[in-house]
Structure formats: C-alpha cells, structure tokens
Amino acid sequence: MNKKLKKLTATVLSLTMLSCYGMTDYSSISAVTEQEETYQSSDDIASSAPIYSTNARNLKDKFHNSFRMGVNVEPFEIISYDDLILRHFNSITPRFTLSPDSILDMEASQELGENVNPQISLSDRAKDLLSFCEENNIAIRGNTFVYHAYTPDWFFRENFRLNASYVSEDVMNQRLENMIKNTFEILKTDYPNLEIYAYDVVSDVFLNDGGGLRDATSSKWAIIYKDDSFIENAFSYARKYALEGCKLYISDYNEYISEKTNDIYKMAMKLKEKKLIDGIAMQSYLNTSYPSIEIYKTALKKFIHTGLDIQITELNINGPNPSERAEMYKEIFKLAIENSESISSISMYATRDRLISDQESQLFDINGKPNKSFDAVMGISFFNTDGPDTPKTEILYGDINNDNDINLSDLTMLSLALVGDAELSSEQKLVADVAYNDSIDIADLALLKQYICKDDVKLGK
C-alpha cells in the first residue's frame with residue numbers, strides 16, 4: 001500500500017472529524033493512521049493508479065438488482081473482445097456452437113450402430129467458449145435442441161445416413177431423448193463448475209408471423225411428426241435430464257405479432273399445465289419503425305400473464321436514426337425494469353455491431369466502443385410498476401454503508417477501503433464513486449469530506 005496515500009487518507013478523515021464534528025479523539029481511524037510516515041507531494045498521489053475499478057458504468061452492475069445481463073458470443077470474441085465481455089456481461093449464449101448441427105457427430109453415431117443414439121461431440125470452438133465461461137464464472141444459457149434450422153438432415157434418416165428413408169416417430173423420440181441426455185451429460189462431466197442456468201429447448205417452431213406450426217416445407221420435424229407431440233416430448237426429456245438449476249424455455253422471434261403471441265402463449269400454457277416449462281424466451285428482433293413499444297409491451301404482458309419466467313434473449317434494434325435506436329433501447333430496458341419480477345435476463349444479439357453501417361444495432365460499435373444506445377441505457381433511472389415517475393432504486397452516492405444517510409461512517413468505510421483494510425462490494429463501489437470518475441481514489445474521499453462538511457458540492461453523476 002502506498003504510504004503517502006495511507007497518510008493522506010488518514011489526514012482527510014482526521015480533518016473531517018475536527019472541522020465538521022469538533023472531534024479530537026481519532027481512535028476510530030487508527031487503522032488508517034501511521035504517525036511515522038511523511039506525506040510529501042499531492043502530485044505523487046494524483047499520478048498513482050486508482051485503488052479500485054468500480055465498474056460503476058457497466059451493464060451487469062447497472063442492472064444487477066433487476067436481471068442478468070447477457071450476450072450471444074462467437075468463440076473468437078473471447079480473445080478479441082474478452083475485456084468487453086468480462087466488464088459488461090454475466091451471462092453468455094454460445095452462438096450456434098451448441099446447436100444440433102454443431103454438436104451432433106454423424107460418423108460417431110453411425111459407428112455406434114444403434115440407430116437411436118446420436119453421439120455428441122463438442123467442437124474446439126465450443127470447448128474454448130465453455131471453458132472461458134467456467135473460468136470466469138459467467139453463466140450459460142444454452143440454445144437449442146429442437147430447431148427447424150441448423151439441424152442436419154441425416155439426424156432424421158435411417159442409420160444416420162444421408163439420402164436414407166426418414167425414421168418413424170418412435171425412433172425419432174428415442175433419438176431426441178438421447179440427444180438431450182447426451183448433451184447434458186457431456187456438459188456436466190466436462191464442465192462441472194459451469195453454471196447453466198437456462199436452456200432453450202425448442203426454438204422457432206411456429207410460422208414466421210404466427211398462425212400455427214411450421215409445415216414439412218420448412219421443418220424436418222413436421223415430416224416425422226404430424227402434430228405438436230415432439231415439442232412436449234422435447235420438454236419432457238429436457239426436464240428429465242437437465243442439470244440442477246437449469247430452467248427450460250420455449251423461444252421464438254416475431255413474438256410480438258399477435259397471432260404468433262397467441263401461438264406461443266397457448267403452447268406455453270399447455271406445457272405449464274404438465275410442469276414441463278419454466279419460461280418464454282422473447283428473441284426481440286426489433287426495428288424503430290416496427291413494432292412500437294406498445295405492441296411489444298402487449299406481447300410481454302400476455303407472456304407475463306402465464307406466470308412463467310421471461311427472458312429477452314437476442315435483443316437487436318435496427319433503424320437508420322441513431323437517436324431513435326437509442327430511445328427504443330431505453331424504452332425496452334425501462335419496460336424490463338418495470339417488470340423485473342417476471343424478467344430474469346436480457347441478452348444482446350451480439351457483443352457489438354457486425355458491420356460498418358449507419359444502422360448500428362447493438363450497444364457497442366464495430367470496434368467495441370460504447371455508442372449512443374449504450375449511453376441511453378446507462379442513463380436510465382430505475383422505476384417500479386407503480387408508474388413511470390416512481391423511483392425504485394435511486395442511487396444515493398456516498399451512502400456506502402447503506403443506511404440511507406451520508407455521514408462520517410461512510411467516510412470511514414471509504415478510508416479503510418482506500419488503504420486496503422476493508423473491501424467494498426460491487427454495490428458499495430458504485431455509490432463510493434462520488435467523483436464519478438469510474439474509480440475509487442483520493443478524489444472520492446476529498447469530495448465526500450466536503451459534502452459531509454456541508455460544502456456546496458454534488459456527489460455522483
């Protein structure tokens with residue numbers, strides 16, 4: 001610990017006690033005082049690195065009292081954009097690396113010779129991403145088992161061979177069960193410390209705009225099955241083999257179109273009655289021109305009415321006007337905050353914008369830098385369901401001990417943290433950044449001292 005910083009910290013606290021409280025007994029700050037040390041130069045202190053990085057303006061800490069903050073990630077991004085991911089997100093959806101066409105092993109399935117037991121092999125890309133999450137304590141939401149796309153044709157055919165006949169429903173049921181079983185088993189065995197908190201069991205089974213299930217022209221599942229029984233079967237098998245704490249979801253896009261909202265709602269209620277489902281995943285591909293916030297809200301409220309958990313899983317807002325995109329992002333996040341008792345997670349479609357475009361759609365530009373939409377989201381005040389003007393969790397900067405008051409106790413806690421004799425939680429770091437400079441340092445101590453002494457200063461943003 002920098003001795004000059006330690007001495008300066010003790011001096012600031014001592015002066016506060018004397019000038020603001022008339023106190024002469026400094027025993028309560030003995031932990032930060034070292035009488036033999038000599039403070040030399042404030043320039044030395046100013047040039048020193050901050051003691052704490054507060055993460056005060058990152059997504060996962062901003063919304064940690066409301067929902068998880070997640071992102072869909074491609075494996076190469078854990079190398080190129082690991083800092084961005086680690087700073088802002090506490091949930092990852094592996095992009096396509098857990099989809100059937102990525103994990104089903106045709107050669108191994110054929111060699112086994114059972115016709116009903118598809119073998120699972122994780123690619124090196126998938127292994128790298130899962131290891132990254134396990135090592136950094138980032139939770140996973142898996143995606144997906146039943147999918148009309150990204151599922152190889154041979155999975156539906158006799159002996160797992162291309163151009164062979166399609167199998168019967170009975171054989172397909174066994175294949176579906178074993179695929180789910182084998183996937184969960186390999187995840188549990190190879191990644192014992194990885195938290196898999198959610199899994200999309202079935203995705204995109206309804207027509208684009210709703211009005212029923214996909215037919216045989218766009219889904220191999222419809223070739224094998226003549227009804228929706230494969231959906232219930234998939235959830236039944238997933239419920240049987242899912243890892244502890246892993247909740248099961250039905251996922252779809254265009255979920256705000258009325259007919260599709262009804263399709264998802266009816267299926268979710270059917271599965272809920274049999275206790276097979278935990279939630280609904282709203283993919284949320286949006287545009288500033290459609291849907292409106294009210295249309296989206298109508299669908300969200302209908303899904304909330306099921307009593308199931310809701311997750312927003314691939315949030316993506318397009319449109320030609322950056323200000324309109326930013327405003328829509330802000331409204332979606334506010335809506336989620338207002339309904340946070342029902343919404344457990346928001347995941348972005350991507351870590352950053354994919355193309356150099358005037359219609360950037362994420363919260364970070366192509367280089368991973370925060371954009372106008374990020375600023376709009378981070379500028380949100382928290383609201384409850386009583387109305388848009390009712391505060392839910394206003395940040396009281398300086399109230400480090402969370403007693404709804406800013407006083408000498410808070411200054412003492414900050415002093416102890418600065419000299420390394422106490423550790424602040426992420427919540428405490430947030431409110432301790434009274435200088436709002438994205439760090440906990442001597443500037444925060446000095447400003448907090450001024451505030452406690454009734455100087456005309458403002459804490460925080």
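Q: Why is Gln-311 called buried?
A: In this predicted model, Gln-311 has a relative accessible area of 0%, and because buried means under 20%, Gln-311 counts as buried. Gln-311 lies in strand β10, which covers residues 309–318.

Q: What makes the pairing of the side chains of Gln-311 and Arg-141 a polar contact?
A: The two side chains come to 2.8 Å, and a polar contact needs a pair of N or O atoms within 3.5 Å, one able to donate a hydrogen and the other to accept it, so the pair of Gln-311 and Arg-141 qualifies. Beyond its neighbours within four places in sequence, Gln-311 is also in contact with other residues, including Tyr-197, Tyr-249, Met-282 and Ser-345.

Q: How do you know whether Tyr-197 is buried or exposed?
A: Tyr-197 has a relative accessibility of 6%, and since the limit for buried is under 20%, Tyr-197 is placed among the buried residues. Tyr-197 sits in strand β6, residues 196–203, and, not counting residues up to four places away in sequence, touches Arg-68, Ser-91, Arg-141, Cys-246 and Gln-311, among others. Tyr-197 and Leu-248 are 51 residues apart in sequence, while their C-alpha atoms are 8.8 Å apart in space.

Q: Why is Gln-283 counted as buried, and where is Gln-283 found?
A: Its relative accessibility is 4%, which is to be set against a limit of under 20%, and therefore Gln-283 counts as buried, although Gln-283 is found in a loop, the one between β8 (279–282) and β9 (285–287). Leaving aside neighbours within four places in sequence, its contacts include Asp-204, Tyr-253, Thr-313 and Leu-315.

Q: What makes the phi of Ser-284 worth a remark?
A: Most residues other than glycine have a negative phi. Phi of Ser-284, however, is near 65°, a positive value in a residue other than glycine. Ser-284 has its place in the loop between β8 and β9, and because its relative accessibility is 0%, under the limit of 20%, Ser-284 is buried.

Q: Which other residue has a positive phi, near 60°?
A: Phe-160 has this value, and it is a residue other than glycine. Phe-160 is found in the loop between β5 and α9, and its relative accessible area of 1% is the reason that Phe-160 is called buried.

Q: How is the packing of α9 and α11 described?
A: Two packed helices are described by the angle between their axes and the distance between the axes. For α9 (residues 169–190) and α11 (residues 229–241), the axes come within 9 Å and cross at roughly 35°, and the crossing is right-handed. Among the residues that meet are Leu-176, Ile-180 and Phe-184 in α9 and Phe-230, Ala-234 and Tyr-237 in α11, and the residues of the contact divide into eight nonpolar, three polar and four charged.

How values were computed
Residues numbered from 1 in each chain as written. Predicted model: local features only at pLDDT ≥ 70, side-chain atom pairs only at ≥ 80, totals over all residues. Heavy atoms only, no water. Axes fitted to C-alpha atoms, helices over the stretch in contact; angles between N-to-C directions. Helix = DSSP H or I, 4+ residues; strand = E, 2+ residues; numbered from the N terminus. Left-handed = near helix turned anticlockwise from the far one by under 90°. Contact = heavy atoms within 4.5 Å. Nonpolar A, V, L, I, M, F, W, Y, C, P; charged D, E, K, R; others polar. Buried < 20%, exposed > 50% of the residue type's maximum accessible area, 1.4 Å probe, protein only.
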